[in-house]
Number of protein chains: 2
Amino acid sequence: MIFFELLSKDQIEQVHEASLYIMAQIGLDFLYSPALEVLSKGGVRVEGNRAFFPRTIVEEQIQKSPSQFTLYGRNSNNNLIIGGDHITFVPTNCPPFVTDLDNGRREGTLKDFENFVKLTQASPNLDMCSNIFVEPMDVLPEKRHVQMAYSCIKYSDKCFMGSVMGVKGARDTLAMLSILFGDLRTLTQKPRIISVPCSLTPLCYDETMLGALMEYAKAGQPQLINSLVIAGATGPVTLAGTLAVQNAEILAGIVLTQLVREGTPVVYASGSSNADMRSGLLCVGSPEMAMNNVFAAQMARYYGLPSRGVGALCDAKIPDAQAGYESMMNLLMAQNSGINFVLHAAGALESMNCISYEKFIIDDETIGMVKRIRKGIELDKSTFALDVVKEVGPRGHFLDKDHTFNYFRSELYQPYLSDRRSFEDWRDRGATQCMVTANKIWRETLKKYQPPDIPKSVDKDLKMFIDTA
Amino acid sequence: MIFFELLSKDQIEQVHEASLYIMAQIGLDFLYSPALEVLSKGGVRVEGNRAFFPRTIVEEQIQKSPSQFTLYGRNSNNNLIIGGDHITFVPTNCPPFVTDLDNGRREGTLKDFENFVKLTQASPNLDMCSNIFVEPMDVLPEKRHVQMAYSCIKYSDKCFMGSVMGVKGARDTLAMLSILFGDLRTLTQKPRIISVPCSLTPLCYDETMLGALMEYAKAGQPQLINSLVIAGATGPVTLAGTLAVQNAEILAGIVLTQLVREGTPVVYASGSSNADMRSGLLCVGSPEMAMNNVFAAQMARYYGLPSRGVGALCDAKIPDAQAGYESMMNLLMAQNSGINFVLHAAGALESMNCISYEKFIIDDETIGMVKRIRKGIELDKSTFALDVVKEVGPRGHFLDKDHTFNYFRSELYQPYLSDRRSFEDWRDRGATQCMVTANKIWRETLKKYQPPDIPKSVDKDLKMFIDTA
């Protein structure tokens with residue numbers, strides 16, 4: 001598989017040079033004194049909150065992180081390799097609102113959160129849980145991060161993402177993982193969690209994110225070092241300028257992780273897009289966002305790091321045609337460009353403000369399609385089937401051949417949502433739109449859901465931890 | 001731009017060898033004696049209707065067609081280069097049914113046909129007209145091809161596709177072009193039309209298609225030599241087998257065009273997909289179809305020929321989320337893999353059985369997005385804008401910068417359909433679904449439509465020709 005690329009080798013180096021200029025001459029603000037101390041000790045020039053990164057430090061430190069690593073699931077069937085030729089699909093993260101066709105749009109609750117963990121666990125296509133499927137507004141703010149981590153553990157044995165709510169968010173998450181898997185040293189050897197600390201664009205990291213970033217780095221837990229530049233608002237409107245700012249932010253964050261603990265696995269993570277210039281609002285269903293997936297994959301390969309891009313993001317308010325075409329654009333572009341970690345791969349509506357039950361199912365189907373593309377083509381004597389072609393000959397057909405029966409399940413993607421019936425059949429059975437079919441599917445999936453095993457004593461300890469956290 | 005690829009160089013050669021085996025050992029049926037005569041004279045072994053192609057003839061003849069050529073529009077602003085790094089988007093072709101939100105699904109009429117020509121002419125994204133936007137069932141069958149050609153000429157000055165209804169279809173089309181542009185010699189020097197003769201899979205060409213193919217070839221008019229294998233029905237269910245059959249059919253058709261007239265421009269054209277194995281019906285919204293776009297682009301590059309793939313095809317019955325994600329998958333894959341001629345790029349529903357007014361607008365928007373991706377990124381001092389980044393500095397914003405105002409129109413795609421408003425704004429203004437917005441847009445576009453100029457005497461001659469044809 002040759003990945004789709006938009007930047008030439010020379011252009012990649014231009015971006016790298018522009019970012020080094022920004023890092024050395026303009027500098028970045030780090031609003032957290034422990035971070036400034038570590039940077040300063042590592043050879044970065046610090047003036048007040050601002051850090052100026054010399055080229056040598058940057059180029060030295062970014063080589064210290066591995067090009068791929070394993071994330072270990074509670075169920076080892078759900079282990080994930082992040083990097084190389086691998087691709088991981090992860091549901092959306094952080095929306096405050098939730099919607100479904102029956103109850104409409106509303107604030108998220110813990111019940112909704114749990115439902116999405118269950119749908120992820122049941123999904124044949126989603127590889128792990130995110131961190132905040134939806135903000136559970138009925139849980140006290142200071143308890144949310146532990147409650148969400150508990151729900152991910154209780155209702156799924158796939159990996160999940162860690163809280164980035166400052167030092168405490170990270171420490172509590174690590175403590176819960178220790179209850180499950182053993183002490184911190186064990187976690188460092190076999191990472192169980194990946195988190196997504198995000199810069200405050202332009203050219204800043206705040207205390208909350210830096211606290212979490214440093215805490216996870218100390219424990220050697222993998223992190224998505226993330227920048228989300230909004231071209232035209234928090235970055236230059238030109239993609240080149242946005243790319244240079246994004247790259248400077250990500251590299252600065254990576255340097256910090258390596259200065260905290262050399263070899264901490266990091267992912268070159270980008271969610272940059274652009275503002276809609278009529279309203280100034282972020283838009284994530286734009287072709288520029290899909291292009292940014294390509295840029296992120298290419299820059300990450302240049303640095304020898306895994307990449308994080310975006311999946312099924314859209315600006316649509318309901319799971320309509322716009323939701324379909326924008327989401328598939330981002331998702332397929334992530335696959336075609338070689339992105340390793342596809343965040344927001346399922347459920348998102350409204351430029352990430354809302355998660356939809358129906359959209360979650362729709363995106364799961366599209367991930368299945370994209371994974372079929374990823375599988376590629378097998379060429380050998382049996383798949384060329386020239387003997388069958390000879391037997392059938394001109395003007396024959398293959399419908400009743402053994403070869404067809406033997407191969408169709410493994411060769412062709414079998415959709416569970418997409419409607420492939422004739423118009424007449426579709427009309428006579430209710431003429432349902434895709435989102436209506438998706439509604440039936442998520443309801444049935446939740447009905448049939450089976451929780452994974454968890455030892456009773458561990459469950460008790462986790463619950464006790466939540467009470468005292 | 002590096003195109004996405006699924007086949008290695010070695011695998012491409014395996015496909016080539018498998019096809020040469022089929023062509024030499026199994027053979028293809030040509031149900032038209034003038035074609036058999038030309039093939040026989042050219043060194044192809046003919047037994048009855050069956051032609052067996054020696055390797056040397058195939059490899060010699062397929063080199064004779066150019067790797068790119070120009071299609072001349074009546075308005076020279078609409079000239080198109082087919083091949084190389086160029087991409088051309090063409091609406092859907094051949095559906096018998098038409099639908100819109102107000103009137104529902106019905107048989108196509110000439111009025112519908114004309115409306116789609118007008119929408120294509122008005123489109124900023126569609127590059128030319130197809131041949132049969134929709135079958136005009138209210139026109140006598142024997143008059144349809146001339147009536148459709150006339151409508152394309154009358155209501156658009158973009159290029160259009162030629163009739164493949166046998167010798168007569170091609171001759172009448174060429175005669176009408178001669179009225180417009182001068183005699184056949186002129187047309188040969190400056191091709192005005194491209195047609196899509198299609199094999200009868202597996203391994204056959206019928207009289208209708210061969211009649212048209214040979215007639216256009218004699219006039220040196222470009223042709224899309226097309227194969228549509230349905231994996232599991234008219235070809236092996238395995239993609240390798242389907243690819244070998246498809247390639248054999250296309251190469252055989254190309255050899256014939258070159259034996260009729262050396263140097264006739266051809267396009268390596270594929271529309272292959274697979275059967276839904278539950279029903280045996282063709283499906284075109286499958287990931288296997290999107291993969292076939294990649295295979296077609298790669299095989300064509302291997303042979304040094306332009307490629308034709310598929311655009312916004314889907315199996316959905318209405319322009320819902322499924323229509324959105326399936327269509328974007330095919331369209332973006334065509335762009336990412338380097339397809340040159342994207343047929344069915346707008347309007348299609350129901351596995352090509354129906355054209356939808358709303359879907360036509362939806363697809364036009366997605367083509368605009370895909371064209372933005374195609375434009376790529378510009379990297380220079382002004383687009384990096386490091387002086388602006390320096391001026392803004394950490395924690396500033398770019399919304400009010402001159403640089404932002406100067407660049408946003410050229411840098412960012414401006415959608416005309418996609419909804420990027422806030423949820424509240426969208427809800428308060430009617431909470432419309434994408435297809436409802438598209439309905440308003442096509443109605444307004446038709447209202448504002450302005451026909452291109454055509455000399456009165458030419459118009460009169462064309463009408464007279466239709467009466468006598």
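Helices (H or I, at least four residues) and strands (E, at least two) are DSSP runs, numbered from the N terminus. The model is predicted, so local features need pLDDT of at least 70 and side-chain atom pairs count only at pLDDT 80 or more, while totals for chains, interfaces and linings use all residues. Residues are numbered from 1 along each chain as its sequence is written, chains are lettered from A and ligands numbered from 1 in the order in which they are written, and side-chain values use heavy atoms, with hydrogens and water left out.

**View 1. The loop between S10 and S11, chain B.**
B:Leu203 sits in the loop between S10 and S11 of chain B. Its phi is near 60°, which is positive even though the residue is not a glycine. At 1% relative accessibility, B:Leu203 counts as buried (buried means under 20% relative accessible area, exposed over 50%, partly exposed in between, with a 1.4 Å probe and protein chains only). B:Pro202 is in the loop that links strand S10 (193–195) to strand S11 (204–205) of chain B, and the peptide bond from B:Thr201 to B:Pro202 is cis, with omega near 0°. As background, most residues other than glycine have a negative phi, and most peptide bonds are trans.

**View 2. Two loops of chain A.**
A cis peptide bond also turns up between A:Thr201 and A:Pro202, with omega about 0°. A:Pro202 belongs to the loop between strand S10 (193–195) and S11 of chain A. In another loop, the one between strand S19 (348–349) and strand S20 (354–356) of chain A, you'll find A:Ser351. A:Ser351 isn't a glycine, yet has a positive phi of about 55°. With a relative accessible area of 16%, A:Ser351 is buried.

**View 3. A four-stranded open sheet in chain A.**
The strand order is S2-S3-S1-S11 (chain A), and the pairing is mixed (two strands pair if DSSP finds at least two bridges between them). Strand S2 (45–47) and strand S11 (204–205) of chain A are at the edges with a single partner strand each, so one side of each has no neighbour in the sheet. Strands S1 (residues 28–30) and S3 (residues 50–52) of chain A run antiparallel over two bridges, and A:Leu28 has A:Ala51 in S3(A) as its bridge partner. Helix H9 (residues 239–260) of chain A lies across S1 and S11 of chain A, at about 45° to S1(A). Axes here are lines fitted to C-alpha atoms, for helices over the stretch in contact, and angles run from 0 to 180 degrees between N-to-C directions.

**View 4. A:Phe30 and the nonpolar core.**
The largest nonpolar core has 260 residues, and A:Phe30, A:Phe53, B:Phe30 and B:Phe53 have the most contacts inside it. Such a core is a set of buried Ala, Val, Leu, Ile, Met, Phe, Trp, Tyr and Cys residues joined through side-chain atoms within 4.5 Å. Leaving aside neighbours within four places in sequence, A:Phe30 is in contact with residues including A:Leu36, A:Phe53, A:Tyr205, A:Ala252 and A:Leu256 (contact means heavy atoms within 4.5 Å).

**View 5. The S4–S5 pair in chain A.**
S4(A) pairs with strand S5 (residues 80–83) of chain A in the antiparallel sense, over four bridges.

Four strands line up as S8-S7-S20-S19 (chain B), with mixed pairing. Strand S8 (104–107) and strand S19 (348–349) of chain B are the edge strands, each pairing on one side only. S19(B) and strand S20 (residues 354–356) of chain B are antiparallel over two bridges, with B:Ala348 partnered by B:Ile355 in S20(B). H12(B) lies across strand S7 (97–100), S8, S19 and S20 of chain B, at about 70° to S20(B).

**View 6. H12 against H17, chain B.**
Helix H12 (residues 357–375) and helix H17 (residues 434–448) of chain B pack at an angle of about 95°, axes 8 Å apart. The two, H12(B) and H17(B), are therefore roughly perpendicular to each other (that label covers 65 to 115 degrees; under 35 counts as roughly parallel, over 145 as roughly antiparallel, and the rest as oblique). Among the contact residues are B:Tyr357 and B:Ile361 of H12(B) and B:Met435 and B:Trp442 of H17(B).
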